[in-house]
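New notebook page. I want to look up which side chains pair up here and where they sit.

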Amino acid sequence: MADNPFAEFSLERAIGLRWALRDIQAGRLKLSPVGDEDLAVLIELGLIELHDDEPTLTPSGAAVLRG
């Protein structure tokens with residue numbers, strides 16, 4: 001994976017996926033639920049994992065938000 005895992009997406013889509021990561025990290029899923037399609041993309045990119053049906057950032061996902 002390159003420095004930007006969202007490089008293949010449009011700017012709007014990349015921004016939405018980054019916000020989804022931030023919502024997952026901050027535990028705002030009740031206020032801002034992440035769509036199934038976004039979850040699937042983030043899982044495929046290796047940025048999140050599901051634990052007991054709850055999305056959790058992987059180390060790679062946390063690095064994307066720090067970077």
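Predicted model: local features only at pLDDT ≥ 70, side-chain atom pairs only at ≥ 80, totals over all residues.

Entry 1. I began with Asp 23, which is buried because its relative accessible area is 12%, under the 20% cut-off. I then looked for its partner: the side chain of Asp 23 meets that of Arg 28 in a salt bridge, 2.9 Å from N to O. Arg 28 comes out as partly exposed, at 32% relative accessible area.

Entry 2. How many salt bridges does the structure hold? I found 3. A reminder from class: side chains of opposite charge can pair when their charged atoms come close.

Entry 3. Next I checked Arg 13. Its side chain meets the one of Asp 38 in a salt bridge of 2.3 Å, N to O. Arg 13 lies in helix H1 and Asp 38 in helix H2, so this pair ties together parts that are 25 residues apart in sequence. Asp 38 counts as buried, at 18% relative accessibility, while Arg 13 counts as partly exposed at 23%.

Entry 4. Arg 13 turned up again, this time in a salt bridge with Glu 37 (3.5 Å, N to O). Glu 37 is in helix H2, residues 36–44, and Arg 13 is in helix H1, so here the parts tied together are 24 residues apart in sequence. I looked up the cover on Glu 37 too: it is exposed, because its relative accessibility is 58% and exposed means over 50%.

Entry 5. I put the Arg 13 notes together. Salt bridges that share partners join Arg 13, Glu 37 and Asp 38 into one network.

Entry 6. Which residues make the nonpolar surface patch of about 350 Å²? I noted Leu 11, Ile 15 and Trp 19. Leu 11 belongs to helix H1, residues 11–26, and is exposed at 66% relative accessible area.

Entry 7. I stayed with Trp 19 and looked above its ring. The charged end of Arg 22 sits over that ring, 5.1 Å from the centre. I also searched for aromatic pairs and got 0 in the structure.

Entry 8. Last stop, the strands. Strand S1 (residues 48–51) and strand S2 (residues 54–57) run antiparallel and are joined by 4 bridges. Opposite His 51 I found Glu 54 in S2. The hairpin of S1 and S2 has 2 residues between the strands, and Asp 52 takes a positive phi near 55° there.

Technical notes: Residues numbered from 1 in each chain as written. Heavy atoms only, no water. Pairing = 2+ DSSP bridges. Phe/Tyr/Trp six-rings, centres within 6.5 Å; stacked < 30°, edge-to-face > 60°. Lys NZ or Arg CZ within 6 Å of the ring centre and 35° of its normal. Patch = residues over 30% accessible without salt bridge, like charges linked within 9 Å, V, L, I, M, F, W, Y side chains within 5 Å. Areas by Shrake-Rupley, 256 points an atom, 1.4 Å probe, with all protein chains shown as cover. Salt bridge = Lys/Arg side-chain N within 4 Å of Asp/Glu carboxyl O. Buried < 20%, exposed > 50% of the residue type's maximum accessible area, 1.4 Å probe, protein only.
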